[in-house]
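Work through the exercises below with the model open. Try each task before reading its solution.

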Amino acid sequence: GRREMYKILLPTPQNDEHTITDIITDFYTNLYATKITDDDLIDGLLQHITPVLDKEEEGDLTLEELTRAMQSLSTGKTPGPDGLPAEFYITFWEHLKVCLGAVYNSMYREGKLAPSMTESAVTLLYKGKGDATELRNWRPISLLGSDYKILAKTHMYRLQRSLPQAVGSDQTCGAPGRSALDNLSAVRDIFAHSVERSQPFCLFNLDQEKAFDRVSHPYMLRVMARMNLALSLRNWVSIIYRNNTSKILINGTPSAPIPMHSGVRQGCPLSALLYTIAIEPLLVSIRHNPRITGYPLPGAHGMTVKTQAYMDDITIITTDTRSIPHITHAINTFCTATGAIVNGTKSEVYVTPDCRAGIMSRHLALDPSYSRAKYWTFQPP
């Protein structure tokens, strides 16, 4: 099944149950370890971040906010470690909301979550493609308590109010009024316009290795501070991601607790928005680099498109071969600064079938990050 692993790839494939458990535990212990970052490079990445203006400092969590979060809970889901499903809170909300609100606000003042809210069980879900014996092809989904999800959803809604100012308009994840369809339409129109005007271009589809799991917490909080997001929101995120542990469910059996010193948990309502914030400095470094030439927008008086993003689905577009080294330098600088890793085997490069595009693909092949990337030549109809 998609949740069961009976064999794991090593130089010699292993199917011994205890060996598999040890290997998976070591893999996630290393994955969630503190990431090596470079403060000087991070300073450079943050210099072009535009602070949010006229932000509203948030106070205590209100019953109205908590009720909205509770009403958005999905039902029929596997509960977290405490065994209480969303249906419990939905059914007894009128009896619970005042006490729960007081508990949440008390946690903020004390600077820590209840111990049960720092724990999660992680189920491994096969992505459905790639070798099933390779751990990187399994997605870790955190099973979290509904009380945690109510808290996280409340801050998700708070963060959404500032997100349109905090991230560029080409990042469509989580910002009200934006949709991934905007990105798809933009790329589709670029392809169509390229055919119509014989405009060569190169399109990177960037894939990062375990993108969510490698987010450095100190780095993420630095980006939030640079964006000038509300101090109480930043404090809450720090509290929520402090002293977390996960037990990996390996064929139904939990591992020993693994400290989570990095990563935003897939399954946490806040994780997509936090990742969107963490990746924004990379997008900004490309948007603001005058040596990177984007695709010219028809009738837009010189405006160009350089990036399109939905969470970790990142597309970079250029029409000039001289931009290539600056794009790869921006990506490599971001990875060195933050501990991110480019997945060369899953990254893709699309080029138009002409001489300049041929130069582009040869130039990219010289960069070790893309030595194993897939190259596709776009053939017009």
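A nonpolar core is a set of buried Ala, Val, Leu, Ile, Met, Phe, Trp, Tyr and Cys residues joined through side-chain atoms within 4.5 Å. Keep in mind that this is a predicted model.

**Exercise 1. Cores**

Task: Find which residues have the most contacts inside the largest nonpolar core.

Solution. 
- Step 1. Size the core. The largest nonpolar core holds 80 residues.
- Step 2. Ask which helix supplies the largest share. Helix H10 (residues 271-287) does, with eleven residues.
- Step 3. Look for another core. A second, separate one has 15 residues, including Ile20, Ile23, Ile24 and Trp138.
- Step 4. Inspect Tyr104. Leaving out residues up to four places away in sequence, Tyr104 touches Leu61, Leu66, Met117, Asp147, Ile150, Leu151 and Trp236.
- Step 5. In soluble globular proteins, nonpolar side chains tend to be buried together.

**Exercise 2. The chain as a whole**

Task: State how many helices and strands the protein chain has, and what percentage of its residues count as buried.

Solution. 
- Step 1. Count the elements. There are twelve helices and twelve strands in the protein chain.
- Step 2. Take burial. The protein chain has 381 residues, and 50% of them count as buried.
- Step 3. Take the contacts in the protein chain with a separation of 6 or more: residues 24 or more positions apart account for 75% of them.

**Exercise 3. Thr338**

Solution. 
- Step 1. List partners. Thr338 touches Lys35, Ile36, Thr37, Leu45, Arg214, Ser216 and Tyr219, with residues up to four places away in sequence not counted.
- Step 2. Check one partner's spacing. Thr338 and Arg214 are 124 residues apart in sequence, yet their C-alpha atoms are 8.6 Å apart.
- Step 3. Follow the side chain. The Thr338 side chain reaches the backbone nitrogen of Ala340 at 3.4 Å.

**Exercise 4. A helix pair**

Task: Describe how helices H2 and H8 cross, and which residues meet.

Solution. 
- Step 1. Two packed helices are described by the angle between their axes and the distance between the axes.
- Step 2. Read both. The axes of H2 (residues 39-46) and H8 (residues 217-226) come within 11 Å and cross at roughly 30°.
- Step 3. Assign the hand. The crossing of H2 past H8 is right-handed.
- Step 4. Name the residues. Asp39, Ile42, Asp43 and Leu46 of H2 meet Tyr219, Arg222, Val223 and Arg226 of H8.
- Step 5. Sort by class. The contact of H2 with H8 has four nonpolar residues, four charged and no polar ones.

**Exercise 5. Ala309 and Thr67**

Task: Give the element and the burial of Ala309 and of Thr67.

Solution. 
- Step 1. Start with Ala309. Ala309 lies in strand E9 (residues 307-310). Its relative accessible area is 1%, so Ala309 is buried.
- Step 2. List its contacts. Ala309 touches Asp170, Gln171, Thr172, Asn183, Leu283 and Ile314, not counting residues up to four places away in sequence.
- Step 3. Ala309 and Cys173 are 136 residues apart in sequence and 7.8 Å apart in space, C-alpha to C-alpha.
- Step 4. Turn to Thr67. Thr67 lies in helix H3 (residues 63-71). Its relative accessibility is 19%, so Thr67 counts as buried.
- Step 5. Find its polar partner. The side chains of Thr67 and Trp93 are joined by a polar contact of 3.1 Å.

Conventions: Residues numbered from 1 in each chain as written. Predicted model: local features only at pLDDT ≥ 70, side-chain atom pairs only at ≥ 80, totals over all residues. Heavy atoms only, no water. Contact = heavy atoms within 4.5 Å. Polar contact = N/O pair within 3.5 Å; in protein donor to acceptor, adjacent residues only side chain to side chain. Buried < 20%, exposed > 50% of the residue type's maximum accessible area, 1.4 Å probe, protein only. Helix = DSSP H or I, 4+ residues; strand = E, 2+ residues; numbered from the N terminus. Axes fitted to C-alpha atoms, helices over the stretch in contact; angles between N-to-C directions. Left-handed = near helix turned anticlockwise from the far one by under 90°. Nonpolar A, V, L, I, M, F, W, Y, C, P; charged D, E, K, R; others polar.
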